[in-house]
Amino acid sequence: MTNWLAEAYRTHAHQVVRRARQILGEAAEADEVLQEVFLSLVDEPEQFQRRSALSTWLYSATTHLCLNKLRNRRNRLRILEEQVAPGRTESVRARADDWALARQLLASMPEDLARVAVYYYVDEMTHQEIAEQVGCSRRHVGNLVERVIRFGQEWAGRQGEPDIESPFAASLSQPRMEAVR
Amino acid sequence: MSPLRRSRGAECLSDLLLDRLVAGEIADPAEAQTHLASCPRCAERKAELDRVRAEVSERPVPRALARAFAGKPRRRLRPWQPALAAGLAAAAATVILLRPAPAPPPPRSPEYTGTRAKGGGAHFQLYVRHGDTTRAALSGEVVAPGDTLQLSCSSPEPGFVAVLSRDGAGTVSVYVPGEPDARALVPIAAGHDVPLPASTVLDATLGQETLYALFCPERLALAPLVDELRRTGTLDAPTGCRLEPIRLDKRP
């Protein structure tokens, strides 16, 4: 039962790691996602029904786990903010850390939009590919992408960051920090 | 403007297609291969994919996965305990405040076993509060005077922690424990993202600063660690401990 999974790990683990790092920006959490994805397949191999390529299934599972972690991270940040010492009185404008902003935005989105946002902006899939990934029509993907764009614009406006220029994909795929090890 | 943007051209390959191409899942790869040969953007993304694939293939399979693939039963962890951040305010070279943790840590996967060899699988996460925003941060982070640092620790086992610092002027400070007269590492509960019992407001000294986040199974004395950092400018992990250096670039 597990031989094919060991082989799948050998041939596909890097896909999970790379995408999890892109979405989360944190190497240790990406490794956790790698373990969780493949352990879930060991526990419930029937999840992957072989109606699609394994890469397609792994994309979906990885996206789901990463979005959960982003939401958990947002909750943790709130907890930490409650216990962090209050800042000094002088006002220092926050840097426009696009990668951090993009992840905050993803964590704020409803699940269906966040998944589409990852596929569209991180993986840069076509509408057809997203439709196959999500299991809906291309037209519906178009509607979802429009909702993602509106959500992002409104979210950025609420953050008071109307001048963010750097691309989301670039900010995620080119993390400017090294992993803590 | 939303921080969401795309960079691909109309003819470019998605990451999914690139991954499927490498995995041999594309029945007729000729068209994609042709594009790949002529598009610098896609070639660059493919190179990044290959780089990660090479890196991951060189790593051993995580222990929990190796056991699972071999059909062996997995070790189940006990339920996670609430965070037990100690709570008294104090100050060191910089301002350090302590507060009790307001809530238990968020739920976590029972499958997390920690795959790192040293320090029993513990690892640290740094959070930086800048102005009104708090962000998760990694080594190499650009920070500013007045930013507040907070670390959390994830470990399947309880232990003892400390955070030492050496700033751009070579000054060594103890950020955790926060008490000025602390003599040893402080206890930390097992759990995921358990906040350390002190946060730190950065002072005005600019330049490279390195934090040394230390997790040990035993309550070691602080003085030898501080002395080693002062003498050598760096710190080695004591036997059985996990040490994570986190470099910060403090700019105005």
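# A tour of a predicted two-chain model

Select A:Val37 to begin: setting aside neighbours within four places in sequence, A:Val37 is in contact with A:Val16, A:Trp57, A:Leu58, A:Ala61, A:Thr62 and A:Leu65. Keep in mind throughout that this is a predicted model.

**The nonpolar cores**

A:Val37 belongs to the largest nonpolar core, which has 58 residues. Another core, of 24 residues, lies apart from it, and its members include B:Val143, B:Val163, B:Ala198 and B:Leu211. In soluble globular proteins, nonpolar side chains tend to be buried together.

**Two crossing helices in chain A**

Next, select residues 111–122 and 138–159 of chain A, which are helices α5 and α7. Their axes are 9 Å apart, and the helices pack at an angle of about 95 degrees. That angle makes α5(A) roughly perpendicular to α7(A). To see the contact, show the side chains of A:Asp112, A:Leu113, A:Val116, A:Ala117, A:Tyr120 and A:Tyr121 in α5(A). Facing them in α7(A) are A:Leu144, A:Val145, A:Arg147, A:Val148, A:Ile149 and A:Phe151. By class, this contact of α5(A) with α7(A) holds 10 nonpolar residues, two charged ones and no polar ones.

Now pick out A:Asp112 and A:Arg147, which form a salt bridge with their closest N and O atoms 3.9 Å apart. The two residues are 35 apart in the chain, A:Asp112 in helix α5 and A:Arg147 in helix α7, and the pair links distant parts of it. How exposed is A:Asp112? A:Asp112 counts as partly exposed, because its relative accessibility is 37%. A:Arg147 also counts as partly exposed, at 35%.

**From α5 to α6 in chain A**

Move along to A:Glu124, in the loop between α5 and α6 of chain A. A:Glu124 is not a glycine, yet its phi is positive, about 55 degrees. Most residues other than glycine have a negative phi, and most peptide bonds are trans. With a relative accessible area of 0%, A:Glu124 is buried.

Helix α6 of chain A covers residues 127–134, and its buried residues are A:Glu129, A:Ile130, A:Ala131 and A:Gln133. After α6(A) comes A:Gly135, with a positive phi near 85 degrees.

For another positive phi in a residue other than glycine, go to A:Arg50, where the value is near 60 degrees. A:Arg50 sits in the loop between α2 (27–43) and α3 (54–83) of chain A. Is A:Arg50 buried or exposed? A:Arg50 is exposed, because its relative accessible area is 54%, and the cut-off for exposed is over 50%.

**Salt bridges, within and between chains**

Over all chains, the structure has 25 salt bridges. Select A:Arg18 and B:Asp15, whose side chains meet in one of 3.4 Å, N to O. A:Arg18 lies in helix α1 (residues 3–24) of chain A and B:Asp15 in helix α1 (residues 15–22) of chain B, so the pair joins two chains. A:Arg18 counts as buried at 5% relative accessibility, and B:Asp15 counts as buried at 3%.

Then widen the selection to A:Arg18, A:Glu124, B:Asp15, B:Asp19, B:Arg41 and B:Arg45, which salt bridges with shared partners join into one network. A further salt bridge is found in chain B, between the side chains of B:Glu244 and B:Arg242, at 3.0 Å from N to O. Both B:Glu244 and B:Arg242 are buried.

**Chain B**

Colour chain B by secondary structure to see five helices and 12 strands. Of its 252 residues, 53% are buried. Among contacts between residues at least 6 apart in its sequence, 72% join residues at least 24 apart.

Select helix α2 (residues 30–38) and helix α3 (residues 40–58) of chain B, whose axes come within 6 Å and cross at roughly 100 degrees. That makes α2(B) roughly perpendicular to α3(B). B:His35, B:Leu36 and B:Ser38 in α2(B) meet B:Pro40, B:Cys42, B:Ala43 and B:Lys46 in α3(B). The residues of this contact divide into four nonpolar, two polar and one charged.

For the last stop, go to B:Pro177, in the loop between β8 (172–176) and β9 (186–188) of chain B. What is the peptide bond from B:Val176 to B:Pro177, cis or trans? The bond is cis, with omega near 5 degrees.

Technical notes. Residues numbered from 1 in each chain as written. Chains lettered and ligands numbered in written order. Predicted model: local features only at pLDDT ≥ 70, side-chain atom pairs only at ≥ 80, totals over all residues. Heavy atoms only, no water. Axes fitted to C-alpha atoms, helices over the stretch in contact; angles between N-to-C directions. Helix = DSSP H or I, 4+ residues; strand = E, 2+ residues; numbered from the N terminus. Parallel < 35°, antiparallel > 145°, perpendicular 65-115°, else oblique. Contact = heavy atoms within 4.5 Å. Nonpolar A, V, L, I, M, F, W, Y, C, P; charged D, E, K, R; others polar. Salt bridge = Lys/Arg side-chain N within 4 Å of Asp/Glu carboxyl O. Buried < 20%, exposed > 50% of the residue type's maximum accessible area, 1.4 Å probe, protein only. Core = buried A, V, L, I, M, F, W, Y, C linked by side-chain atoms within 4.5 Å.
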